[in-house]
Amino acid sequence: MVCLDSEHELKKPWIETPLIESIALSKAAGWGIGNLILTSLSDPLNIGRTLHFFCSSAGNAGLAAVIAARDLGCSCTVVVPTTAEPMMIKKLYAAGASDVLRHGASWFEADTFLRETFIENEDSKSDSITRNIYVPPFDHRDIWRGAGTLVDELVKQLPPRHCNETASSCSFPADAIVCSVGGGGLLNGIVDGLERHLPLYQPTVKNVQIIAVETAGADSLAHSLSKGSWKSLSAITSKAITLGALRVAQQTFKNAHSPPPGIKVTSIVGTDADAAMGVVRLCDELRLEVELACGISVQVGLDRLREAMTDLTPDSRVVIVICGGSGVTSEMIVDYRQRLQNGWK
């Protein structure tokens, strides 16, 4: 069964992301997958077919795929690396996954197994009433477009500034957006959204900055930028396993190396301990529980903004994208707090 809204259109399998102002964090200082699944269901080649979605993921993208597929009346299987936490596998099943398979030591190996086993041997033009659909966790234009709606929501919820006397034109409402980078789907989406919105605002010499944050050992974007070309890491050694793409999407490297007009991208790398500190601080200040992959953006957004924003002032508007809360528990946060108190650097 496919879920329709009151106007007989496919309903959107996501909710609008709230934009929360944090006074405490200011003083101290998610979508894409659903859009891909929605687009697949609207594809004329798939009309009348039963679709089964297959996603490779360290956790969060798989959970998004399962929930979106479930809400649209479809099945979804997730392939995770053997490093995936048992808690995440339980969450995937609880959300409605048809199956969760464990394969390989990294996301890359899990993804290769998925494509070779379930996708590449299928003929998409056959008359079969069933079809397997590949859902990459980050490297697909429909995912980027879906993630780009984050910018639509930001513009809607954050009032514009620096309007002229007639209010016919205003500056873009945010000066910078801080986001974590695993494979780069979120970063690509933010670029996509900014490209759509920036022409609507008055020309300005000041670029909107995207601060692309990674942890050491999962810093495939920073590695590529340092080499000047699209490169892979030899291995993932960070504890932030949901950032664990050996190589970012090629479009991510392109966006970071040569961003579109009006956009500046700055790469910053922190440690796992930095990420843990961000997790603890967000829990203390806003009572939000997130995993290391998100905590690193929080910490960089609080303590290291001047590395990217030399013109940072108390009036600067910085948006930190909070994403990735599925692979964490209160017990893990207690452990991070204790390890930090014991000198974790």
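**Exercise 1. Determine how helix 10 and helix 12 are oriented to each other.**

Solution. The model is predicted; local features need pLDDT of at least 70, side-chain atom pairs count only at pLDDT 80 or more, and totals for chains, interfaces and linings use all residues. Residues are numbered from 1 along each chain as its sequence is written, and side-chain values use heavy atoms, with hydrogens and water left out.

Step 1. Helices (H or I, at least four residues) and strands (E, at least two) are DSSP runs, numbered from the N terminus. Axes are lines fitted to C-alpha atoms, for helices over the stretch in contact, and angles run from 0 to 180 degrees between N-to-C directions.

Step 2. The axis of helix 10 and that of helix 12 (residues 330–341) cross at roughly 120° and come within 9 Å. Angles under 35 degrees count as roughly parallel, over 145 as roughly antiparallel, 65 to 115 as roughly perpendicular and the rest as oblique. Helix 10 and helix 12 are therefore oblique to each other.

Step 3. The crossing of helix 10 with helix 12 is left-handed. A crossing is left-handed if the near helix is turned anticlockwise from the far one by less than a right angle, and right-handed if clockwise.

Step 4. Contact means heavy atoms within 4.5 Å. From helix 10, Ala-273, Ala-276, Met-277, Val-279, Val-280, Cys-283 and Asp-284 meet Ile-333, Tyr-336, Arg-337 and Leu-340 of helix 12. The contact of helix 10 with helix 12 comprises 9 nonpolar, no polar and 2 charged residues. Here Ala, Val, Leu, Ile, Met, Phe, Trp, Tyr, Cys and Pro count as nonpolar, Asp, Glu, Lys and Arg as charged, and the others, Gly among them, as polar.

**Exercise 2. Describe the packing of helix 10 with helix 11.**

Solution. Step 1. The axes of helix 10 (residues 272–286) and helix 11 (residues 292–303) are 6 Å apart, and the packing angle is about 85°. Helix 10 and helix 11 are therefore roughly perpendicular to each other.

Step 1. Residues of helix 10 in this contact include Asp-272, Met-277 and Arg-281, while those of helix 11 include Leu-292, Gln-299 and Asp-303. The contact of helix 10 with helix 11 divides by class into 9 nonpolar, 3 polar and 4 charged residues.

**Exercise 3. Describe the packing of helix 8 with helix 9.**

Solution. Step 1. Helix 8 (residues 220–227) packs on helix 9 (residues 250–257) at an angle of about 60°, and their axes are 10 Å apart. Helix 8 and helix 9 are therefore oblique to each other, and their crossing is right-handed.

Step 1. Leu-221, Ser-224 and Leu-225 of helix 8 make the contact with Thr-252, Phe-253, Ala-256 and His-257 of helix 9. The residues of the contact of helix 8 with helix 9 are 4 nonpolar, 3 polar and no charged.

**Exercise 4. Work out the arrangement of the open sheet of 4 strands.**

Solution. Step 1. In the sheet, the strand order is 3-2-1-4, and the pairing is parallel. Strand 3 (99–102) and strand 4 (130–135) stand at the edges with a single partner strand each, so one side of each has no neighbour in the sheet. From one strand to the next, the twist averages 20°.

Step 1. Two strands pair if DSSP finds at least two bridges between them. Strand 1 (residues 50–56) pairs with strand 4 in the parallel sense over 6 bridges. Phe-54 stands opposite Tyr-134 of strand 4, and Cys-55 stands opposite Val-135 of strand 4.

Step 2. Strand 1 also pairs with strand 2 in the parallel sense, over 5 bridges. The bridge partner of Ser-56 in strand 2 is Val-79.

Step 3. Helix 3 (residues 60–71) lies across strand 1, strand 2 (75–80) and strand 4, and runs at about 170° to strand 2. Helix 5 (residues 107–119) lies across strand 1, strand 2, strand 3 and strand 4, at about 155° to strand 1.
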